[in-house]
Amino acid sequence: MKAQRNKYLGLPLLLAAVTTCVVAPSGMAQADTEAVVFFDNVRVFDGKQVIPKADVLVENEIIKKVDSAHATTPPTGATVVDGTGKTLMPGLIDGHTHMLTIRDMKDALLYGVTTVVSAGENPRVREYIQCMGPQTNRADLVPSSYFATTTGSHGTELPPDFFGEIPLLTHVSQVPGWVDDRIAEGAHHIKVIYEDHSKFQETPAPKLPIEIVEAIVDEAHAAGIDVIGHATTTEDAKEIMEAGVDGLTHVPVDPIDQEFLDLMVDNDVHMTPTLDVERAGDSVTLGTGELADPHLSPWLSPTNLFFLGLTPPPGFGDRWSYTDSRNNLAQIKAAGITVLAGTDNANPGVTTGAGMHRELELLVDAGLTPKQALRSATHKVAKAYGLSDRGIIKEGKLADLLLVNGNPTNDVLDSRKIAGIWRMGTPVDRTALLSEASAPTDPTCTP
């Protein structure tokens, strides 16, 4: 087991046109210091295991008590939530996101995703979050700042409105200063892109030199932060594991082999497979999509509808098959490797927030049990990224909570049947939040 290298620093994102405001926008609030919520007679999935019947007390932002004997009396003045027939879970944590706007952060929270781990975010959002501080009307962000890529490689084809002007790496001598800059910007971890698009287009693109990947790993580890590696082929993934990355994002789209599995196990590398983006990239129809699900479709914002309407470029899926992606994950799971849930939102066919529930469905389809899939979206991702205050329902932890009808540890589709969301102990008004997520522009902050 690797030692956790750093603590969560906590920041999120923004894009496009903006509207100036000097006060918190509608629906946003700091946690109420007098807020007391009592969940009565509720099934609890605590991030690891199921408590069949419990009482859970929340005071202010913190889980104050978890009574597995269901013998606690609600405090005077508490808001009592009847948990009969429902399951209380930690707020979901999306382990691979691209937050392009503050509105994306609201979209995430609409579906009970209370924290998003960045794999590259729009830089202007960090400024907004640093200005505004914690808010209860959007998900929290674990930032990574700019990803590491090189001239003409993956990420550089995107417009500046997505991720700003990406500082490119072409020589190993740039690496110390580059890593220092990302840390100064608040990066909790660093993502490196090792990708030539050979599986997705006829002419391969340039790829970040492996010696630069090795230097980034050395510099980042010396500074106490982890490195997450983007690779989509088995051989590329092997190379960056040998370079020392701590996690892989994207399950390879070509068949893996025993050497790949051995490297993951021997180097304690975690895997965020992002099945939904690979399903969409291969134009595969599988399971119950957002538009077809009455529990998801009413809450889709214009941004989510836009991405659902996009399709991959012609020929994108001609050189690979989602079947291999699915089979690879089944082997990874069987080898006992840590699997984390993540969506890779802001891609064709992949939504923010709702996509997390699709990812859970696909993880189960690939061989995880519902309980294992839910762990990958709560406790396991929190542990992998050193988020010690969340991802579990336990006394003293942050009250980011999701209440659903039914039992998603038996049927993972029940995660979509949302009965309530609490962010830092404050209940989320989904109707008001959808209005904010659907606004034509983002808020800005003037200190």
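This is a predicted model: local features need pLDDT of at least 70, side-chain atom pairs count only at pLDDT 80 or more; totals for chains, interfaces and linings use all residues.

Visitor: How do H1 and H14 pack?
Guide: Two packed helices are described by the angle between their axes and the distance between the axes. Here, H1 (residues 102-110) and H14 (residues 430-437) pack at about 150°, axes 8 Å apart. That makes H1 roughly antiparallel to H14 (under 35 degrees is roughly parallel, over 145 roughly antiparallel, 65 to 115 roughly perpendicular, the rest oblique). Angles run from 0 to 180 degrees between N-to-C directions. Helices are DSSP runs of H or I, at least four residues, and strands are runs of E, at least two.

Visitor: Which residues make the contact of H1 with H14?
Guide: H1 gives Arg103, Lys106, Asp107, Leu109 and Leu110. H14 gives Arg430, Leu433, Leu434, Glu436 and Ala437. Contact means heavy atoms within 4.5 Å. By class there are 5 nonpolar, no polar and 5 charged residues.

Visitor: What is the angle between H5 and H6?
Guide: About 40°, for H5 (residues 210-223) and H6 (residues 234-243), with axes 9 Å apart. H5 and H6 are therefore oblique to each other. From H5, Ile210, Val213, Glu214 and Val217 make the contact; from H6, Glu239, Ile240 and Ala243. That contact has 5 nonpolar, no polar and 2 charged residues.

Visitor: How many disulfides does a search of the whole structure find?
Guide: A disulfide is a covalent bond between the sulfur atoms of two cysteines. The search uses a cut-off: cysteine sulfur atoms within 2.5 Å. It finds 1. Cysteine 131 is joined to cysteine 445, S to S 2.0 Å. Cysteine 131 lies in helix H2 (residues 123-132) and cysteine 445 in the segment after strand S17 (442-443), so the pair ties together parts 314 residues apart in sequence.

Visitor: Is proline 370 buried or exposed?
Guide: Buried means under 20% relative accessible area, exposed over 50%, and partly exposed in between, with a 1.4 Å probe and protein chains only. Proline 370 has 15% relative accessibility, so proline 370 counts as buried. Its place is in helix H12 (residues 370-376). Proline 370 touches Val364, Pro408, Thr409, Asn410 and Val412, not counting residues up to four places away in sequence. By contrast, cysteine 131, at 29%, counts as partly exposed.

How values were computed:
Residues are numbered from 1 along each chain as its sequence is written. Side-chain values use heavy atoms; hydrogens and water are left out. Ala, Val, Leu, Ile, Met, Phe, Trp, Tyr, Cys and Pro count as nonpolar, Asp, Glu, Lys and Arg as charged, and the others, Gly among them, as polar.
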